[in-house]
Amino acid sequence: METRRISDALSVSPQITAADIDDLAKAGFRAIICNRPDGEGADQPLYEEIETAARNAGIEARYMPVTSGKVTDENADDFATAMRELPGPVFAYCRTGTRCATLWSLSQAEVLDSAEILAATKSAGYDMAGVVRRIVNGGKTPTDTGDAFYDVVIVGGGAAGIAVAASLKSRKPDLDVAIIDPADIHYYQPGWTMVGGGIFDAATTAKTMGSLIPKGVHWVKSAVAAFEPDDNAVVLDGCRVVKYQRLIVCPGIKLDWHAVDGLVETLGKNGVTSNYRYDLAPYTWELVSGMKQGRAIFTQPPMPIKCAGAPQKAMYLSGDHWHKSGTLKNIDIQFNNAGGVLFGVKDYVPALEEYVKKYDADLNFFHNLVAVDGAAKKAWFDVAKPDTEVTRVEMEFDMMHVCPPQVAPDFIRVSPLADAAGWVDVDQSTLRHARYDNIWSLGDVMNAPNAKTAAAARMQAPTVADNIIADIAGKSPVSAYNGYGSCPLTVERGKIVLAEFGYGGVLLPSFPKWVIDGTKPTRAAWLLKEKLLPPVYWRGMLKGKEWLAKPEKVSAR
C-alpha cells in the first residue's frame, strides 16, 4: 500500500485491499472514501469487502465512485461534503489516487490559493494540469474562458519583461506582443542599495507601469494563475485564458520573508530593515545615520538570490558612513553569510577583504538566519559548517539588515515549466525552454547558473529577442547568452568594485582596464553606478536600445 499525504486532513493512494485496513487504522485514519467504481478492473476487490474490513477496524467508509476521466462538478461538491462530515483524518483511494487528488483539488478551489493546491498535489506525485482551469475557476467547469490571442505573450513586466518586449518590437514592429503583469508601479531595484546608503531618494526608483510599456505592446493587467503549455495557454486569475504562439516567462523572484520565523512581524521597526524592499530602504538609512554605537548585523541567505553582492553592499555603505562620522570604533559589524565565501568570483575578493578589514567587520560564514525577535533585539542563526552537525546560535543586535531567502514564484514552482528546484528550465545558452520549443525565459526566474542581476537581464533580452525572431523565420537560434552579470559593489561612498563576469566566473569586463579596472575600487565605476546606469536603464534597456548588451552570435544551421 502506497500512502500519499496531500494535507493534514487527507491522504490518498492507488487501489487497496481489505488486508491494508489494519495498517490504516494503526496509522490513525478514521474514515475511508472509495472513488473507484466496482468492476473497473479484473484484479479489483469489491467495495463491500473494504467496507466490511473497515467497519471491523472501527473506521467509517463511504462509497463515492467516479468514472475515470469524468470528474464532474457534482462529484467535487459531494467530496467536499464528505470531507466535512467524515471524522478525520480521511484516506481516499481509486485506481491510482489521481481521481481522489482531483476531487480534493476542486473541492478546495474556493478555500486555498491555486498555487497551494497545485503544490500539495505535486508533492504527492499528482499532476493537476488537466483541471487547472477548473481550479482557478473556483472548482467549477468554466463556461466562458474569454480567450485572447497574441503572437508573443510575456509573463512579467519587470526589467526583463519590458526590455525583451522593447527588443522584440524594435526588430519586428508588426509583432503582436502582450505583457501580463498586475503591478501599477515598476521599480529600478538596483537603486535601492543607494537609497539605503542615503544617496538616492526612493521616489527616483519608481515609475508607473503604464508609462514604461513599449508602444504597440498590449498590457494585460492581471496575475497569472497557471500555465497550459501543451495548449499554448496562460490561465489568469478569474480563469481568463490568454493564448500565444510563443511565450516568454520572466516574472522575477519571490522574496520569502515568511521563511524566517518572526521576521514579517518586525520588518520596518525594532531596528530590522532591508534594502530588498522599496518601503524599507529609507529605514535602512534612518537606522545607519542615527546609529552611534551597538551591534549591526548584515545577513545573506543561501543562494540563489538576486544581486548576490547586495547584502554586503549595505554593510560597506553603512561602515563607510560610520567611519566618516567617527562612530565606527563604537559599532560592532557582523556579516552573517549562509554561504562559505565572501564573493563567488575570486578575482574580486582581495579588494573586498580590504574593506572588511577597514570597517573591522566580522565575517561569519555558514550562518543562516532562521528566526528573529525584534522586540527583544535577538536573532538566531543555524550554523552549518562542512562536515559538522548544524548548531543554532543566538546573537543580539541593535540594527539588522536582512536579505530574505528567495525562491521562484509559487505559480512557477508548481507549473510544468519548472525544474525539480522550481525554476524555469532553460538551455543556458539560447534561453529556450528545455522541453517546450515555443517558450523562452530570462531574468531571475530561470535556472541558468548566472548571477541574478538587472545587468544580466539587459544582456539576456536581446538574446531572447534575436532567437524568437529567428524562430519565427524558421531558423535555428542565432544568439547565445554567455552568463554575463554585473555587480557594482559599493565599497564606500564614491568608489565601487565593478564585478563583471559570466558562466564559470570568467571575467567579462565592459571597459579596458585603463578606463575601469573592475578588480579594484574606482571612482569611475562609482560614477557609472550613480550617474550613468539609471538613464541606461530607463532610457536604454526599457526602450529597446541595447547599449552594452550585444549578445554573442552562433552559426545558424
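The largest cavity in this predicted model has a volume of about 50 Å³, where a cavity is a set of points, on a 1 Å grid over the protein atoms alone, at which a 1.4 Å probe fits but cannot get out. Grid points are joined across faces, edges and corners, and a volume is the space filled by probe spheres set on the points. Because the model is predicted, local features need pLDDT of at least 70 and side-chain atom pairs count only at pLDDT 80 or more, whereas totals for chains, interfaces and linings use all residues. Residues are numbered from 1 along each chain as its sequence is written, and side-chain values use heavy atoms, with hydrogens and water left out.

Over the whole structure, the search finds three cavities of 30 Å³ or more. The lining of the largest cavity, meaning residues that have an atom within 4 Å of a point, consists of Ala 163, Ser 167, Arg 458, Ala 461, Pro 462, Gly 540, Met 541, Gly 544, Lys 545 and Glu 546. Two elements each give two or more residues to this lining, helix 7 (159–171) and helix 15 (454–472), with helices (H or I, at least four residues) and strands (E, at least two) taken as DSSP runs numbered from the N terminus. Helix 15 gives the most, with three residues. By class, the lining of the largest cavity divides into four nonpolar, three polar and three charged residues; here Ala, Val, Leu, Ile, Met, Phe, Trp, Tyr, Cys and Pro count as nonpolar, Asp, Glu, Lys and Arg as charged, and the others, Gly among them, as polar.

A pocket, by contrast, is an open set with protein on both sides within 12 Å along at least five of seven lines. The second largest pocket has a volume of about 480 Å³, and of the 28 residues that line this pocket, the closest to its centre are Met 303, Ala 308, Gly 344, Ala 451 and Phe 501. The lining of the second largest pocket has 16 nonpolar, 11 polar and one charged residues. Met 303 also takes part in a cis peptide bond, which leads from Met 303 to Pro 304 with omega near 5°, and Pro 304 lies in the loop between strand 16 (294–300) and helix 12 (310–325).

Turning to the sheets, five strands form an open sheet with mixed pairing in the order 1-2-5-3-4, two strands being paired if DSSP finds at least two bridges between them. Strand 1 (4–5) and strand 4 (60–63) stand at the edges, each with a single partner strand, so one side of each is left without a neighbour in the sheet. Within this sheet, strand 3 (residues 31–34) and strand 5 (residues 90–93) run parallel and are joined by four bridges, and Cys 34 has Tyr 93 in strand 5 as its bridge partner.

Helix 3 (residues 73–85) lies across strand 2 (10–13), strand 3, strand 4 and strand 5, running at about 165° to strand 3; axes are lines fitted to C-alpha atoms, for helices over the stretch in contact (heavy atoms within 4.5 Å), and angles run from 0 to 180 degrees between N-to-C directions. In the loop between helix 3 and strand 5 is Pro 89, and the peptide bond from Gly 88 to Pro 89 is cis, with omega near 0°.

The whole structure holds 27 salt bridges, a salt bridge being a side-chain nitrogen of Lys or Arg within 4 Å of a carboxyl oxygen of Asp or Glu. One of them joins the side chains of Asp 77 and Lys 140 (2.8 Å, N to O). This pair links distant parts of the chain, 63 residues apart, with Asp 77 in helix 3 and Lys 140 in the loop between helix 6 (132–136) and strand 6 (148–155).

Strand 6 runs parallel to strand 13 (residues 241–249), to which seven bridges join it, and Val 155 has Val 249 in strand 13 as its bridge partner. Strand 6 also pairs in the parallel sense with strand 7 (residues 177–180), over four bridges, and there the bridge partner of Ile 154 is Ile 179.

A further open sheet has three strands in the order 19-20-21, with antiparallel pairing. Strand 19 (367–373) and strand 21 (391–396) stand at its edges with a single partner strand each, so one side of each is left without a neighbour in the sheet. The twist averages 30° from one strand to the next. Six bridges join strand 19 to the antiparallel strand 20 (residues 378–383), where Phe 381 is the bridge partner of Leu 369. Phe 366, in the loop between strand 18 (362–365) and strand 19, has a positive phi, near 60°.
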